[in-house]
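Work through the exercises below with the model open in a viewer. Try each task before reading its solution.

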Amino acid sequence: MTRPPAAPGAAGPGAAGPGAAGPGAYVLGVDSGGSGLRVALGRVELPGPLATTLCAEPVRTGPGGIDATHLLDQLLPAARELLDRAAASATDDAPTSEVAALAVGAAGMATLGDRLRSELPGALAHALGVRRLALAADAVTAYAGAVGQRPGAVVAGGTGMIALGTDLMEWHRADGWGHLLGDSGGGAWIGRAGLDAAMRAHDGRRGGSPALLDRLRAVFGPAEALPGLLYPRSDRPAVLASFAPEVAACAGADPVSAGILRQAAGHIAEAAAAVCPTSAGTEVEAGESGEVALTGGLFKMGEPLIAPLREELAQLLPGARVTTAAGDPLTGALRIARALAAGDLRLPHHPTMLFVPPEHGSGQRGGTAVRDEPRTE
């Protein structure tokens, strides 16, 4: 693939763009999800974080989407605490530091982030003097943490499952539609399939697994009581996903459990193939294509899932490199902030997936399309 020419003021790979932050400047990365708000402080010229902190209360979501005020009420004290700690430990001859860039990755940003996009740029510029800002969907920060700024694909698997890929021109998404419409191969999908096999064994129907029925009883109690325990719950996807490790634990000796994981691996591989640049025959520069990174708690199940997934990927994406994510979404947010500060953000901008306000940007190309369907061109 030939890269498009850089827009006026944009930096090429490895180069600092005009107005790039000087030595000693700070960057902040933020990861907002169901378990709370995490914040990392780093420097432009140094890899990794200097320090991190956790705000244990998840950011509220209401009728207007993600609550920008609630996010700021947690982020600003956390950021100031990290900056104060860094200043206290800095050497006397350390340069006076600024917050050159900040990147926020948030679950629901793409569909529920209107208030964040309208309110955060001004508020953060006023409170922290932030020069450059990026607001990203958590799948994008997961990509940046796993792959960096190279073409490729990432599969983020947990309770749900989403695949995201880019050729550095546009984003391509597959699945992530929730447990009723998709998330095929994710934790809730595996857990639900395992419980179905257990109930089949309870009833004497074909496709049942006595091993999984034993695990159902050990985890939830009598099989007949499971509907009453499950259906009233508002967190049904998480409850279903809690049974996925039981399926993995049985897979070595139980062919039904092994079959469920192979089917899950097939779904995951199909999503990865739908978004990976190589699946469209795209020619990319040497060393920059064919990577599929796996990230998220789903893959902690290990070889019972990973082994069939590698086999499925080898069939659908011959020659692709399957890797374990080098970093998590917080790492990805910090990487995006560092690239912004250096004038070298090469991941595609997008109005909702990776939003960089023009007044805070570096002159790089603006929004691009995100595609939700497999590519056929």
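**Exercise 1.** Are helix 4 and helix 12 roughly parallel or roughly perpendicular to each other?

*Solution.* Two ground rules come before the geometry. This is a predicted model, where local features need pLDDT of at least 70, side-chain atom pairs count only at pLDDT 80 or more, and totals for chains, interfaces and linings use all residues. Residues are numbered from 1 along each chain as its sequence is written, and side-chain values use heavy atoms, with hydrogens and water left out.

Step 1: locate the elements. Helix 4 covers residues 138–146, and helix 12 covers residues 329–341. Helices (H or I, at least four residues) and strands (E, at least two) are DSSP runs, numbered from the N terminus.

Step 2: take the angle. Helix 4 and helix 12 pack at about 85°, with their axes 7 Å apart. Axes are lines fitted to C-alpha atoms, for helices over the stretch in contact, and angles run from 0 to 180 degrees between N-to-C directions.

Step 3: classify. Angles under 35 degrees count as roughly parallel, over 145 as roughly antiparallel, 65 to 115 as roughly perpendicular and the rest as oblique. Helix 4 and helix 12 are therefore roughly perpendicular to each other.

Step 4: list the contact. Val140, Thr141, Ala142, Ala144, Gly145 and Ala146 of helix 4 meet Pro329, Thr331, Gly332, Ala333, Arg335 and Ile336 of helix 12. Contact means heavy atoms within 4.5 Å. By class, the contact of helix 4 with helix 12 has seven nonpolar, four polar and one charged residues. Ala, Val, Leu, Ile, Met, Phe, Trp, Tyr, Cys and Pro count as nonpolar, Asp, Glu, Lys and Arg as charged, and the others, Gly among them, as polar.

**Exercise 2.** Describe the packing of helix 5 against helix 10.

*Solution.* Step 1: get angle and distance. Helix 5 spans residues 187–203 and helix 10 spans residues 255–275; their axes come within 10 Å and cross at roughly 150°.

Step 1: assign the direction. Helix 5 and helix 10 are therefore roughly antiparallel to each other.

Step 2: assign the hand. Helix 5 passes helix 10 in a right-handed crossing. A crossing is left-handed if the near helix is turned anticlockwise from the far one by less than a right angle, and right-handed if clockwise.

Step 3: find the residues. Helix 5 supplies Trp189, Ile190, Ala193, Gly194 and Ala197. Helix 10 meets them with Val256, Ile260, Leu261, Gln263, Ala264 and His267. By class, the contact of helix 5 with helix 10 has eight nonpolar, three polar and no charged residues.

**Exercise 3.** Repeat the analysis for helix 1 and helix 3.

*Solution.* Step 1: the axes of helix 1 (residues 68–89) and helix 3 (residues 114–128) come within 11 Å and cross at roughly 30°.

Step 1: helix 1 and helix 3 are therefore roughly parallel to each other. Their crossing is right-handed.

Step 2: the residues of helix 1 that meet helix 3 include Leu72, Leu75, Leu76 and Arg80. Among those of helix 3 are Arg115, Leu116, Glu119 and Leu120. By class, the contact of helix 1 with helix 3 has 13 nonpolar, one polar and three charged residues.

**Exercise 4.** Where is Glu291 found, and is Glu291 buried or exposed?

*Solution.* Step 1: Glu291 is found in strand 11, residues 291–295.

Step 1: at 4% relative accessibility, Glu291 counts as buried. Buried means under 20% relative accessible area, exposed over 50%, partly exposed in between (1.4 Å probe, protein chains only).

Step 2: beyond neighbours within four places in sequence, Glu291 touches Ala146, Val147, Arg150, Gly152, Ala153, Cys276, Arg321 and Thr323. Glu291 and Cys276 lie 15 residues apart in sequence, with C-alpha atoms 7.9 Å apart.

**Exercise 5.** Check the phi angles of Asp175 and Asp183.

*Solution.* Step 1: recall the background. Most residues other than glycine have a negative phi.

Step 1: read the values. Asp175 has a positive phi of about 65°, and Asp183 has a positive phi of about 55°.

Step 2: Asp175 is in strand 10, residues 171–175. Asp183 is in the loop between strand 10 and helix 5.

Step 3: Asp175 is buried at 13% relative accessible area, and Asp183 is buried at 11%.
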